[in-house]
Amino acid sequence: MHDEVEFEVAAPAEQVWEVLVDVERWPEWSESMTSVRRLGTGPLAVGERAVVKQPKLPELTWEVTEFAEGSSFVWVTRSPGVLTTGSHSVTPVRSADGKETAKVRLVVAHTGPGARLVRLFTRSLNRRYLEMERRGLAARAGSTTTQS
């Protein structure tokens, strides 16, 4: 059970990645975030954690479980009976005229015995927040060219 949004940003992938990986600044460009506070001091990496507050949701601690510098990271949060996974990826794309753009994919997935119940209550909210993140990231890093 997951929701996702995939889109292109009219900016180099490296530029988009720098905005995406700076998680503490997400509230500056997405209304889907009230606050993000990293618990570590180094660069985002596997094992790093952040406390995230979103409107209409409880404050949750997310832990990075996968990290590929310059291209993707995955983080997870656990609540009773549910594992929620957030996946973020940026891939460079060359247009016919040789300009580099970035393909971005954002995914939120719920698994576990309570996933269906969580999904029932959060599906439309997840979709709305992914759209806010799409718009905000595109505006911060470049401009949206296409959406899948």
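Mentor: Start with Lys56, which sits in the loop between β3 and β4. Strands here are DSSP runs of E with at least two residues, helices are runs of H or I with at least four, and both are numbered from the N terminus. This is a predicted model, in which local features need pLDDT of at least 70, side-chain atom pairs count only at pLDDT 80 or more, and totals for chains, interfaces and linings use all residues. Residues are numbered from 1 along each chain as its sequence is written, and side-chain values use heavy atoms, with hydrogens and water left out.

Look at the backbone of Lys56. Its phi is near 70°, a positive value in a residue other than glycine. Most residues other than glycine have a negative phi. Lys56 counts as exposed because its relative accessibility is 68%. The cut-offs are over 50% relative accessible area for exposed, under 20% for buried, and partly exposed in between, with a 1.4 Å probe and protein chains only.

How far can you trust the model? pLDDT is the predictor's confidence in each residue, from 0 to 100. The chain averages 92, and 96% of the residues score at least 70. Confidence is highest in strand β4 (residues 60-68), at a mean of 98. It is lowest in strand β8 (residues 144-147), at 50.

Now go back along the chain to another loop. Glu48 and Arg38 form a salt bridge through their side chains, 3.1 Å from N to O. This pair links distant parts of the chain, 10 residues apart: Glu48 is in the loop between β2 (35-38) and β3 (49-53), and Arg38 is in strand β2. Both residues are buried. A salt bridge here means a side-chain nitrogen of Lys or Arg within 4 Å of a carboxyl oxygen of Asp or Glu. Side chains of opposite charge can pair when their charged atoms come close. The whole structure holds 11 salt bridges.

Glu28 and Arg25 make another one, also given as 3.1 Å from N to O. Glu28 is partly exposed, because its relative accessible area is 48%. Arg25 also counts as partly exposed, at 40%.

Helix α3 (residues 115-141) has a pair of its own. Glu131 and Arg134 both lie in it, 3 residues apart, about one turn of the helix. Their side chains meet in a salt bridge of 2.5 Å, N to O. Glu131 is partly exposed, with 23% relative accessible area. Arg134 is buried, at 10%. Elsewhere, salt bridges with shared partners join Glu4, Glu6, Lys103 and Arg105 into one network.

Stay with helix α3 for Leu117. At 52% relative accessibility, Leu117 counts as exposed. Together with Leu120 and Phe121, Leu117 makes a nonpolar surface patch of about 380 Å². Patch residues have over 30% relative accessible area and no salt bridge; like charges are joined within 9 Å, and nonpolar side chains (Val, Leu, Ile, Met, Phe, Trp, Tyr) within 5 Å. Areas come from the Shrake-Rupley method with a 1.4 Å probe, and for residues only the protein chains shown count as cover.

Finish at helix α1 (residues 13-21), which holds Glu18. Val19 lies in helix α1 too, and counts as buried at 16% relative accessibility. The C-alpha atoms of Val19 and Ala138 are 9.7 Å apart, though 119 residues separate them along the chain.
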